[in-house]
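Please brief me on this structure, topic by topic.

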There are 2 protein chains.
Amino acid sequence: MQLYVGAKELSWSQKAAAEAEAVASISCSGHGRAYLDGLIMDNKPVCECHECYGGRDCSVFLNGCAANAGSGDPLFLEPFWIKNAANSAVLISGWHRMSYYFNDGSYISQQLENHIVKIHSIAKNAITKGKYIVFGVGSTQLLSAAVFALSTNLSSRANVVAKAPFYSPYKEQTDFFETARFHFVDNLKNVSDYGPEVIEFVTSPNNPDGNFRKPVFEGSSVKYIYDYAYYWPHYTAIPAPANEDVMIFAHSKFSGHAGSRFGWALVKDKQIYDRMLTYIDIAELGTSRDTQLRALQLFKAMQQGDGKEIFHFAYKTMRDRWEQVSQIISRSTRFTIQEIPPQFCTFFQKVRGPSPAFAWVKCERKEDSNCAEVFSRAKITGRRGSIFGSDERYVRLSLTKGQDDFDLLIHRLTDLVSEKN
Amino acid sequence: MQLYVGAKELSWSQKAAAEAEAVASISCSGHGRAYLDGLIMDNKPVCECHECYGGRDCSVFLNGCAANAGSGDPLFLEPFWIKNAANSAVLISGWHRMSYYFNDGSYISQQLENHIVKIHSIAKNAITKGKYIVFGVGSTQLLSAAVFALSTNLSSRANVVAKAPFYSPYKEQTDFFETARFHFVDNLKNVSDYGPEVIEFVTSPNNPDGNFRKPVFEGSSVKYIYDYAYYWPHYTAIPAPANEDVMIFAHSKFSGHAGSRFGWALVKDKQIYDRMLTYIDIAELGTSRDTQLRALQLFKAMQQGDGKEIFHFAYKTMRDRWEQVSQIISRSTRFTIQEIPPQFCTFFQKVRGPSPAFAWVKCERKEDSNCAEVFSRAKITGRRGSIFGSDERYVRLSLTKGQDDFDLLIHRLTDLVSEKN
């Protein structure tokens, strides 16, 4: 769509546009940002400072502040959107999509669905042909919708499983919404102990360790939920497009818009698709149309030119970060990080090295049995191994945050590794 | 906030603003609308026509088309937003709130929370002092969050109940998410049969019949979820501000933005509040920040002047519609509609008559035992009584839709009532 025809006079939209530009122009010293919905002081939104910065304009570094590498906040993608400001902005009128329904009676934007298909064909990471698409409030919600859908009409209660280390919401969410139809099983035991009804989460590449995963369980009655949040050229080589029965993708790890709470599932089977749709309908009558409109605008902006710029930007950023972190860790015998072998990538059409979202660090010394504590003493906040169903000898460090957070992580990590003891 | 200082030159926001205005200027003959995310033909979004209109510009009335009075789509509020175009538009930059978290670590916009408090104080419909606020994906999701929160740590499984006629998702949602902790009980029997653990939905004014409701169950261990979706001057007199333990409100029935999927709960008890927050966090890590920003803008727009314009507009529209419908029905002995007594309203500071969201129509003739079918034959689509746990002698007609839908309803209703047989 190319409706814009030059610097025509604006009428009702002028005020909103001017307000957005005014907020964007508030200076926060490069260490923070003002937002349209930020708290107001002296009639304008205040600077919201990055974690280790303070002062009205965020110019003050807070000495001794810990590097927060806890959450997987994907702020490393923010510079891409600032660079693409004009194409990615969207103006929502007061009367936009007030109805419960799109014109076709659904809760799903057909245009957005079309753009999701295009994005996958550019990234070469999933086969969309012959798949149905369900939208959810983040991929988070779709995980639960998939468990509900796959546990319908089974011969016995489904055992929901994930091989450690795994993303903790698989367990937290399944426990929280536990019904007579399914429950989460901790600590995978002998595969043969489980009976016929198993639903396995397969995260590939895996969170936290960035390695490809294959299912642990086999058999015609085993059902899989493939969490492909990280199956983008940003974070991994793409050996071939994925083509599984239930595949879940997240806006947050792809475009960086975690706050939008938007995700989608590609589903092969019509009945499973219908059940997942039913879940979303009953839970909340579909995902926000405002969010769908914004996601559409972002997807369109990404598809400017050959549509590959975001992947190049994201890969380069994550690869550089990984190289810095792994170089520092390699200087030490106290710590090791995961190995990720180079692999041929159909997106880049060449063998490429690792660029994972997280460093999965192991403390090798006998006395360092609580690795997160070792890092915490060195003023680095990570996520402890037990959160991922793993050993406390491990800690996960996020590499996806904003540049200030990452720079501080590198600084603290360098100090830690150079410690004599 | 008043950042806008005149017709300054715009830069990166110009394109989005111009696109929104271009789409808004597409003519659909007053019987449809083009949207930014509509399907594209000839390089621009197509007109999406109201239900009984067709043609490229929606100028063709489709003869014999049934009046759809099924859903409670709140499109009657659209003209208010078109009138307030400049104040209600919002421009979202590509980098707006990419993080999972607001600056305070929460998933909830403090500014939006503040504006919700203001709106309640203007409408005089709820006491917010001493209450915690939870956001959900529509009030729909908060109904489920409340059931989960109130059924924690009980002595026995909770019976979830609602007196018929009731809004069907209470049952559908509770059945769908049923756990060992709660289940929905159909067909209220003797109150004494229920044991101690009861969670009662109380909808006041009630959907479908618009009358005030008091709880059926009493006792210190009974827990109530007050659904106040319709407790606004739009739809009812406000005798006094509500002050219950768990009160749920919907953006959709208040501002008319059903598509935004946004609602909030006011909760008195800290522990119940914490549990509802946990539900939202585990389900999806909070509601969309894009939606929160837009809701904030709409709330700000409503608070221009004395902040009462929307209530006057909504009340007047709904009262006029009710008067038209009740006048037509009163000409017939075949049908009756609910009675809603006039009542003193603290918002208007006077006694005021009814302006409900729905007509709850009863077919009085012995042979008209399926009222929805009688209406369907007369080309009027309503919702049958059984959907509300009630008798098929009743049908619900929505009065909240757009003007075209309402006009056609009046037309078909007039024909039906003038039928000799």
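In this predicted model, strand E13 of chain B is joined to strand E14 (residues 246-250) of chain B by 2 bridges, and the two run parallel. Asp227(B) has Ile248(B) in E14(B) as its bridge partner. On its other pairing, E13 (residues 223-227) of chain B is linked in parallel to strand E12 (residues 198-203) of chain B by 5 bridges. There, Val202(B) is bridged to Tyr226(B).

**Ground rules**
- Residues count from 1 along each chain as its sequence is written, while chains are lettered from A and ligands numbered from 1 in the order in which they are written.
- The model is predicted, so local features need pLDDT of at least 70, side-chain atom pairs count only at pLDDT 80 or more, and totals for chains, interfaces and linings use all residues; side-chain values use heavy atoms, leaving out hydrogens and water.
- Helices (H or I, at least four residues) and strands (E, at least two) are DSSP runs, numbered from the N terminus.
- Two strands pair if DSSP finds at least two bridges between them.

**The sheet in chain A**
- An open sheet of 7 strands has the order E9-E15-E14-E13-E12-E10-E11 in chain A, with mixed pairing.
- Strands E9 (132-136) and E11 (182-184) of chain A are the edges; each has a single partner strand, so one side of each lacks a neighbour in the sheet.
- On average, neighbouring strands of this sheet are turned by 20 degrees against each other, direction ignored. Axes are lines fitted to C-alpha atoms, for helices over the stretch in contact, and angles run from 0 to 180 degrees between N-to-C directions.
- Strands E13 (residues 223-227) and E14 (residues 246-250) of chain A run parallel, joined by 2 bridges. Asp227(A) is bridged to Ile248(A).
- Helix H8 (residues 270-284) of chain A packs on the sheet and touches E9, E14 and E15 of chain A. Its direction makes about 20 degrees with that of E9(A). Contact means heavy atoms within 4.5 Å.

**Strand E10 of chain A**
- 5 of the 5 residues of E10(A) are buried, meaning under 20% relative accessible area, with exposed over 50% and partly exposed in between (1.4 Å probe, protein chains only).
- Ala158(A), Val160(A) and Ala162(A) point one way, Asn159(A) and Val161(A) the other.
- E10(A) pairs with E11(A) in the parallel sense over 3 bridges. Ala158(A) has Phe182(A) as its bridge partner there.

**Helix H4 of chain B**
- H4 (residues 110-123) of chain B has 14 residues, which should span 20 Å at 1.5 Å a residue; the end C-alpha atoms are 20 Å apart, which agrees. The expected span is 1.5 Å times one less than the number of residues.
- Buried residues of H4(B) include Leu112(B), Ile116(B) and Ile119(B).
- Lys124(B) follows H4(B) and has a positive phi, near 55 degrees.

**Nonpolar cores**
- A nonpolar core is a set of buried Ala, Val, Leu, Ile, Met, Phe, Trp, Tyr and Cys residues joined through side-chain atoms within 4.5 Å.
- The largest has 183 residues; Trp264(A), Phe375(A), Trp264(B) and Phe375(B) touch the most other members.
- Apart from it lies another core of 61 residues, among them Phe148(A), Ile199(A), Tyr279(A) and Ile280(B).

**The two copies**
- Chain B superposes on chain A by a rotation of 180 degrees with 0.0 Å of shift along its axis (RMSD 0.0 Å).

Notes: Least-squares fit on C-alpha atoms with pLDDT ≥ 70 in both.
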